[in-house]
Amino acid sequence: MKATCWMGPDSVSVEDVPDPSILNGRDAVVRITSTAICGSDLHLVDGYVPGMQKGDILGHEFMGEVVEVGAGVDRSKIRVGDRVVVPFPIACGACAACRARLYSCCENSNPNAGMAEKMFGHPTAGIYGYSHLTGGFAGGQAEYARVPFADVNPLVVESDLDDEQVLFLSDVLPTGYMAAEMCDIGDGDVVAVWGAGAVGQFAMDSARMLGAAKVIAIDREPYRLEMAAAQGYETIDFEDTDVRSALLDMTGGRGPDKCIDAVGLEATHGAPHIALYDRAKQAVRAETDRPHALRQAITSCRSGGVVSVVGVYGGFVDKFPVGSWMNRSLTLRAGQCHVQRYMKPLLERIERGEIDPTRIITHRMPLSEAPAGYELFKHKREDCEKIVLSTR
């Protein structure tokens, strides 16, 4: 089959690789119809996530048709012919974390748990196409994928919604929703969102659905800010505006009630000397992640507010404003999304017309053009917000 493979830092190609097969009785094989390139994939391509090996298949946002199931799969939940969306974290459904609905913290699905434990202190769930740190599972930017614990994870889609309407239930829509949910948004709250990429856009939509009175998008790319403004959100361009000062002006000097970091470890900063400082620290591995957005969110949030973090961080940061966090009674919540928790409720919102996931799609390509898609997306060419890859 054809698959998009990581060939080294800044190197992606579509290769012929062996078809996946059933390796465990609870596996399924899915023929992929649609997949997508995620901002998190760029962390792999840029070399910031350890544990990648040449030839690893990329991609953790995918859906398709079940073509084979293992002997141990509960066929009352999934069967050959079902149309499914596959969540990016792989969950066993039975461990303490899964019983608590903390699916991205599954204790059983990462075969390289020892590697993750060295990095994080405890293992995390397996993730498709996201390094051997998260299990070395083949990703979904391919024609087929093996899906472990097939009677726990995939969402069967029985309605006539097209792929583009449901594909993002695999990651970015639930991630944006969880970012807003973790904020405990109340009526009248002002919510500021750092990052107007796909997750940031969905975090804004979700904040509004959950009752926010004002939503503010923070980014520097004009097309992203325009996309947010078109939905009625206020915007700040951090290249030409001091973000904290602007937020104080917009909130009567108090700061936003709730702040969302939808950026993560490759954040940039409008002040060149600050940007240079963190790039230099990162280059010599004095820190692994650039926490510009996280620092700003913490120091901008009103006292007693909530900072929600869904932007991906992988290791260690410098100059973390722990004093601001502690002394001003801020609540900091974070996590890889527990996607399985949100898929069905969000599908129902899509069916009711409460949210339109397709609004973020700017590019559509065949799988064979994935390397060109990565170049467009990484370098933000052609106002590229989100790319859907088709195998049909």
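Colleague: What is the relative accessible area of Arg 101?

Modeller: Arg 101 has a relative accessible area of 42% and is partly exposed, where buried means under 20% relative accessible area, exposed means over 50% and partly exposed is in between, with a 1.4 Å probe and protein chains only. This is a predicted model, in which local features need pLDDT of at least 70 and side-chain atom pairs count only at pLDDT 80 or more, while totals for chains, interfaces and linings use all residues. Residues are numbered from 1 along each chain as its sequence is written, and side-chain values use heavy atoms, with hydrogens and water left out.

Colleague: And where is Arg 101 found?

Modeller: Arg 101 sits in the loop between helix H2 (96-99) and helix H3 (113-120), helices being DSSP runs of H or I with at least four residues and strands runs of E with at least two, numbered from the N terminus. Its phi is near 65°, which is a positive value in a residue other than glycine.

Colleague: Then Glu 382, what is its phi, and is the residue buried or exposed?

Modeller: Glu 382 is not a glycine, yet its phi is positive, at about 55°. Glu 382 counts as exposed, with 58% relative accessibility, and its place is the loop between helix H13 (370-378) and strand S18 (387-390).

Colleague: Let's step back to the whole chain: how many helices and strands does the chain have?

Modeller: The secondary structure comes to 13 helices and 18 strands. The radius of gyration is 20 Å, close to the 21 Å that the globule rule gives for 392 residues, so the chain is as compact as a globular protein of that length; the radius is taken over C-alpha atoms, and the rule is 2.2 Å times the number of residues to the power 0.38. Along its principal axes, the C-alpha trace spans about 60 × 50 × 45 Å.

Colleague: How much of the chain counts as buried, and what about contacts?

Modeller: Of the 392 residues, 56% count as buried. Among contacts with a separation of 6 or more, 72% come from residues 24 or more positions apart, a contact being heavy atoms within 4.5 Å.

Colleague: Changing topic to H10, how many of its residues are buried?

Modeller: Eight of the nine residues of H10 are buried, so the helix is mostly covered. The buried residues of H10 include His 292, Leu 294, Gln 296 and Ile 298. Ile 298 has a relative accessible area of 0%, and H10 itself covers residues 292-300.

Colleague: What is Ile 298 in contact with, if you leave aside neighbours within four places in sequence?

Modeller: With those neighbours left aside, Ile 298 is in contact with Val 307, Phe 320, Pro 321, Ser 324, Trp 325, Arg 328 and Leu 330. Ile 298 and Pro 321 are 23 residues apart along the chain, and their C-alpha atoms are separated by 7.3 Å.

Colleague: How far apart in space are Met 182 and Arg 333?

Modeller: Met 182 and Arg 333 are 6.5 Å apart, C-alpha to C-alpha, and 151 residues apart in sequence. Met 182 is in the loop between helix H5 (172-181) and strand S11 (190-194), where it is buried, with a relative accessible area of 12%. Leaving aside neighbours within four places in sequence, Met 182 is in contact with residues including Val 306, Val 310, Arg 333 and Gly 335.
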